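Student: I am new to this structure and would like to look closely at one part of it. Please take me through that part in a single connected account.

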Amino acid sequence: MRGLEGRAAKALKGSRDRVAAFEKVAAKRGEHPAGIALAWLNQIFPGPKTAPEDYAR
């Protein structure tokens, strides 16, 4: 993991087991954890649509 200094280290300390479990699931799928996280975020916060779709509603 990167960024294990300062606030990141403090945040990870309380979540280390959950992060390790997530990384294990990602490895079983043959994926990088960051790729899974980004795909998940894209589902929650999709990017802008094309203008016709935005104004058709």
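Student: At what angle do helix α1 and helix α2 pack, and how far apart are their axes?

Tutor: The model is a predicted one, and the angle between helix α1, residues 6–29, and helix α2, residues 33–44, is about 100 degrees. Their axes lie 9 Å apart. An angle of 65 to 115 degrees counts as roughly perpendicular, and α1 and α2 are therefore roughly perpendicular to each other.

The contact itself can be followed residue by residue. From α1, the residues F22, E23, A26 and R29 take part, and they meet P33, I36 and A37 of α2. Sorted by class, this contact of α1 with α2 comprises five nonpolar residues and two charged residues, with no polar ones.

Just after α1 comes G30, which has a positive phi of about 75 degrees. As for cover, α1 is hardly covered, with two buried residues among its 24.

The protein has three helices and zero strands, in the order α-α-α from the N terminus. Of its 57 residues, 4% are buried. The accessible surface of the protein is about 5,500 Å², and carbon and sulfur atoms account for 58% of that surface.

Key:
Residues are numbered from 1 along each chain as its sequence is written. This is a predicted model: local features need pLDDT of at least 70, side-chain atom pairs count only at pLDDT 80 or more; totals for chains, interfaces and linings use all residues. Side-chain values use heavy atoms; hydrogens and water are left out. Axes are lines fitted to C-alpha atoms, for helices over the stretch in contact, and angles run from 0 to 180 degrees between N-to-C directions. Helices (H or I, at least four residues) and strands (E, at least two) are DSSP runs, numbered from the N terminus. Angles under 35 degrees count as roughly parallel, over 145 as roughly antiparallel, 65 to 115 as roughly perpendicular and the rest as oblique. Contact means heavy atoms within 4.5 Å. Ala, Val, Leu, Ile, Met, Phe, Trp, Tyr, Cys and Pro count as nonpolar, Asp, Glu, Lys and Arg as charged, and the others, Gly among them, as polar. Buried means under 20% relative accessible area, exposed over 50%, partly exposed in between (1.4 Å probe, protein chains only). Accessible areas come from the Shrake-Rupley method with a 1.4 Å probe; for residues, only the protein chains shown count as cover.
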